[in-house]
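Welcome, and please take a moment to look over the sequence and the model below. We will then walk through a few places together.

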Amino acid sequence: MLNQNQAPLLAALKNCAARPHAAFYTPGHKRGRGISQALIDLLGKDVFSVDLTELADLDNLSAPQGVIQQAQQLAAAAFGAAQTWFLVNGSTCGIEAAILATCGAGDKIILPRNVHSSAIAGLILSGAMPIFIHPEYDSVLDIAHSITPESLQATLQQHPDAKAVLTVYPTYYGVCGDLQAIAQITHQYHIPLLVDEAHGAHFAFHPDLPTPALACNADLTVQSIHKVLGAMTQASMLHVQGERIDIDRVSKALQLLQSTSPSYILLASLDAARQQMAVDGKYLMSRTLQLARDARNSITQIPGLSVLQPPTGDLSPGFVDLDATRLTVNVSGLGLTGFEVEEILDAQGVTAEFATLQNITFIISLGNTGEDIQQLVRGFRSLEKINPSPKLIDRTFANLTPNPFPTREGEQELKAISPREAFFAASEIVPVWEACDRICAETICPYPPGIPALIPGEVITPTILEYLQHIQQQGGLITGCHDSSLQTLKVIS
């Protein structure tokens, strides 16, 4: 019987640090004695005493048989998995491992256009060929949602030889699609459903939060424990259940992607975060949800502001639930952009997670306090004193959102190559309009709406170039490309 009050890895690390001995092993600072005084002044001495390597009592992350294995078993039980792996390279390496464990060179994988860049990296590493589904996009709110079961069904009918489906749940905005229906459709084709649940690690610990991916019958899910729970940055987990995932392939993929000298501070933080949530998770999430409700209720009453709310009545396509701890405020009614509001709030000591043209989004977690919420609300109320000239935000770019890879609406389908082929191919830099009909050699992602417009291996079309320039003119940010001014593009030679 597993005891969730225990933290075996944390306890073993504490014991090793306390044991008197002469250290003739890595790391070179020898339990802090060789650390720079400037770093000690910043962090204190104690943290370095537990910055240890794979000592006999501390197990081995690549082949755990001791306290790491015990900690992972406790985590699996707490999060509802059959098996769990600790990740010290963030959810990025978990997503990459999920793709490597299910797809090989030339295999098709179905995934939404608004995937994290780690999924693109997984395509490059594996050689898999993406079959993109365009997520539902609310052009009024300027928010990309999930893919729908209907779009997945249609795509699988066209590509029944796909090896896996990967989806995002929840999105960066906290929006959840109908994952249970997506899982059911995926399993009809006898392939696994992989879920990027980076922002949903807390779902398992309160009934008022969306249903966790594993409870929706996902086969594999990756969670950033550090994003919304109490682990340190980079500390994440990969969970698996059922028979559709090859456990050995996951382990081997992670051996390729993770450091052979993992930080035990990060690993112990995962053990501690699991213990914290298994023991007190419901209380902590109840408190967090109340803070979110307080913020939502107060901000909704401020003129010119609206808050993204859970769907009611007829469900919006791609939007069946909302993580109530994720607060997205639409500021277009103030005549300000999200970028401008972000700067104003930051000057008042309120720092958001991210902003887009119309919205600004905040993560409310177990680490926030009532004082934080009061400061946030005060910051928004201060905007009432600002009287900008009302201006209409041009939403026409919403109609230019790219269609699924590699076809573009109204254009002849052009041959493309896999992201892996494009990554390793020789490339050259050309003026932007000379790039038409060439194959892209970089990932280009505009914000808003935060959906990759071009990835390596995809054909560049006039529609896409117009779309990118339009977003840039509206004040959006173009990321991923070598030339952020968009005067040139990198293409396959």
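Which residues are exposed on the other side of helix 7? They are Glu150, Gln157 and Gln158, where exposed means over 50% relative accessible area, buried means under 20%, and partly exposed lies in between (1.4 Å probe, protein chains only). Before going on, please note that this is a predicted model, in which local features need pLDDT of at least 70, side-chain atom pairs count only at pLDDT 80 or more, and totals for chains, interfaces and linings use all residues. Residues are numbered from 1 along each chain as its sequence is written, and side-chain values use heavy atoms, with hydrogens and water left out.

Let us stay with helix 7, which covers residues 149–158; helices (H or I, at least four residues) and strands (E, at least two) are DSSP runs, numbered from the N terminus. Its buried residues are Pro149, Ser151, Leu152, Thr155 and Leu156. Seen down the helix axis, these buried residues fall within an arc of 160°, so they line one face of helix 7; the arc is that of the directions from the helix axis to the C-beta atoms. An α-helix has 3.6 residues a turn, so residues three or four places apart point the same way. The cover over the buried residues of helix 7 includes strand 2 (108–112), strand 3 (129–133), strand 6 (164–168) and helix 8 (179–188), with contact meaning heavy atoms within 4.5 Å.

Now follow the chain into some loops. In the loop between strand 6 and strand 7 (175–176) you will find Pro170, which a cis peptide bond joins to Tyr169, with omega about -5°. Another cis peptide bond joins Thr26 and Pro27, with omega about 0°; Pro27 sits in the loop between helix 1 (8–18) and helix 2 (37–43).

His190, in the loop between helix 8 and strand 8 (193–196), has a phi near 60°, a positive value in a residue other than glycine. At 70% relative accessibility, His190 counts as exposed. Asn217, in the loop between strand 8 and strand 9 (220–223), has a positive phi of about 80° although it is not a glycine. Asn217 counts as partly exposed, at 41% relative accessibility.

Our last stop is a pair of helices. Residues Ile68, Ala71, Leu74, Ala75, Ala78 and Phe79 of helix 4 meet Tyr264, Leu267, Asp271, Arg274 and Ala278 of helix 11.
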